[in-house]
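Welcome! Please take a look at the structure shown here before reading on.

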Amino acid sequence: MKGVFETMNSNGNKQDTWSLGGHTFTSRFILGSGKYSVNLIKAAVEFAEAQIITLAVRRANTQGEDNILDYIPEGVTLLPNTSGARNAEEAVRIARLARAMGCGEFVKIEIIKDSKYLLPDNYETIKATEILAKEGFIVMPYMYPDLNVARSLVDAGAACVMPLGAPIGSNKGLATKAFIQILVDEISLPIIVDAGIGRPSQACEAMEMGVTAIMANTAIATAGNIPQMAGAFRNAIAAGRGAYLSGLGRVLEGGASPSSPLTGFLKDEGEN
Amino acid sequence: MEKERINHMEYLPGMEVLNSTVMDEVISAMEQYDDSNYTAQDVQNALAADTRSPQHFAALLSPAALPFLEQMAQKAQWETRRHFGNSVYLFTPLYIANYCENYCIYCGFNSHNKIRRARLTAEEMKREMQAIAKTGLQEILILTGESRSMSNVEYIGEACKIARRYFKNVGLEVYPMNTEEYAYLRKCGADFVTVFQETYNADKYETLHLEGHKRIFPYRINAQERALLGGMRGVGFAALLGLADFRKDAFATGMHAYLLQRKYPHAEISFSCPRLRPIINNDKINPKDVHEAQLLQIITAYRLFMPFANITISTRERAEFRNNVIGMAATKISAGVSTGVGSHEEEIVDKGDAQFEIADSRSVQEVYQAVKERGLQPVMNDYVYV
């Protein structure tokens, strides 16, 4: 069970936790902070019960009226991202800038050089991961789900792997489901589905597959009632996690089980 | 006797000729576009599509789409929210000079129009930019009239260097130039280049742009591609609606952006949607048949065709129109606008006359508040310069 450790809480009960770079979390819902009116961020975090929130360094204004940093509740781990970077070099510089701004050691690498689909550049992402991991960052790379790339990211020192479910902002859900499942099965780091999750049911489905956590932004930011949707995602993620831990029952692909088995004709001839 | 004019399709000495098929593809697509070919069913198909092709775009721009304007607006709003969330970007233009060597018959800056000409010194630019930066803005659009002699590339470069000290995003709206000149301005700190093609109809273009470098149609149309080859992050496109057949011009504008984005996938694309406005010494200029409904049809069609593109809504439009279009389809809005030279800083007020009349003169603070009152988030910057 990747990235999952069972610890005792203060009541002596087992707690379902996971960890990243030596930090332990109970929430499996990572919230994006882009696309909101900043005054709604706090409510979204609270209803989501999120412990990690992403922050675009390019948005972290140090001036102007609405500094997004002022709206993020205390105690929540900041996850600066490198959005806007088009290659490894730019991503590395943005990560260093985030650290210099006091945003901590976490960094989510986003390297995108396609303005239409916003698909990540896996090759540049591996390069940036290697550099930043060596510099002591807790590196969380956003990637297109490819097993070979995921293995390279592990070797480069990534703290987790963040495959996309579908293009950013598309709300299309788990378009890459089969490939994410391969990562879940083969990679021994937390797998966090990032991008494309548009509905709580899709988040639930991903959690049932055994992914460690879900990152979502657009689905919540564009909802009619943002805090309510944040809460709905929280519940869906918990439900999916519960289903995964309890072991899903079998699903029959070809309809019901026949009462007259196809192999019923076989005669027991006994052992020689 | 009619003055003999230079051939508008022939490059002048010193103008870089790109080995590119984009112009021919745009013109060919525009010439084949017959907006009467589209039916209500075509429009409904375009609205229902998940991703939209040039044919969908053509249908959305056609007269058949006008009865579906409300649906287009609804869908556009959904796409805008999906890609940009609540964000609306604020910026302001700064005219650093209004000298011009072109003779565009509809423009207040044209070289035959008797207006006060001026250009800011480096010191004046600095003071203007300081005054703008104090309003909280972090994006500036630097404009000049189109005079290579009075506003040469080095002068514009100087403006970019000063702007980089005060702003995180620097856009340019200046005369078209060669790739290496764009590369130089990129080094000086420019991020974006916008060039208004005015009209994509070369025959009409010829009758409107009578003198100067601007008369050379192909050099202008290839400006965005040269800017991208020069390393610019993004490029902006616009037709001045009302000069020619506005539906064909809007279609060509979209196709121009579409083809360049396919060729340069990293390019950040933006559209402006200007209509003709009255100018000094000619208050009869008007956008003819491009009423607000048609303008909104074009803006929403751009949004539905290229959901990821920025769309700027001009101060040529009244405040209420602008307020309603942001968040629905437009993502960028100018604030604290003056189209005269300088005039953001008290002592430089009114140095040179304005290019056109604006309809929305609200301050940065007023626009900021108006954006917030619509439940949207004003954003001053979305870029980190590294």
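## Before you start

This is a predicted model, in which local features need pLDDT of at least 70 and side-chain atom pairs count only at pLDDT 80 or more, while totals for chains, interfaces and linings use all residues. Residues are numbered from 1 along each chain as its sequence is written, and chains are lettered from A and ligands numbered from 1 in the order in which they are written.

## The two chains

Let's begin with chain A, which has 8 helices and 11 strands. Here helices (H or I, at least four residues) and strands (E, at least two) are DSSP runs, numbered from the N terminus. Of its 272 residues, 47% count as buried; a residue is buried if 20 or more other C-beta atoms lie within 10 Å of its own, exposed if 12 or fewer, and partly exposed in between, with C-beta atoms placed from the backbone. Among the contacts in chain A with a separation of 6 or more, 60% join residues 24 or more positions apart. Two residues are in contact if their C-beta atoms, placed from the backbone, lie within 7 Å.

Chain B contains 14 helices and 9 strands, and 57% of its 386 residues count as buried. Its C-alpha atoms fill a box of roughly 60 × 55 × 45 Å along the principal axes. A compact globule with 386 residues would have a radius of gyration near 21 Å, and the 20 Å of chain B agrees with that. The radius is taken over C-alpha atoms, and the globule rule is 2.2 Å times the number of residues to the power 0.38. In chain B, residues 24 or more positions apart account for 77% of the contacts with a separation of 6 or more.

## Where the chains meet

The contact takes 26 residues from chain A and 24 residues from chain B. On the side of chain A that touches chain B, α2 and α7 (218–221) of chain A each supply at least two residues, and the largest share, 4 residues, comes from α2(A). By class, this side of chain A has 6 nonpolar, 10 polar and 10 charged residues. Ala, Val, Leu, Ile, Met, Phe, Trp, Tyr, Cys and Pro count as nonpolar, Asp, Glu, Lys and Arg as charged, and the others, Gly among them, as polar.

## Helices side by side in chain A

Helix α2 (residues 88–100) of chain A packs against helix α3 (residues 122–134) of chain A at an angle of about 40°, with the axes 8 Å apart. Axes are lines fitted to C-alpha atoms, for helices over the stretch in contact, and angles run from 0 to 180 degrees between N-to-C directions. The two helices are therefore oblique to each other: angles under 35 degrees count as roughly parallel, over 145 as roughly antiparallel, 65 to 115 as roughly perpendicular and the rest as oblique. Residues of α2(A) in this contact include A:Ala88 and A:Val92, and those of α3(A) include A:Lys127 and A:Ile131. The contact has 7 nonpolar, no polar and 2 charged residues.

α3(A) also packs with helix α4 (residues 147–156) of chain A, at about 15° and with axes 8 Å apart, which makes α3(A) roughly parallel to α4(A).

## A loop residue in chain B

Where is B:Asp35 found? It sits in the loop between α1 (22–32) and α2 (40–48) of chain B. With 17 C-beta neighbours inside 10 Å, B:Asp35 counts as partly exposed. Leaving aside neighbours within four places in sequence, B:Asp35 is in contact with B:Leu61, B:Ser62, B:Pro63 and B:Arg247.
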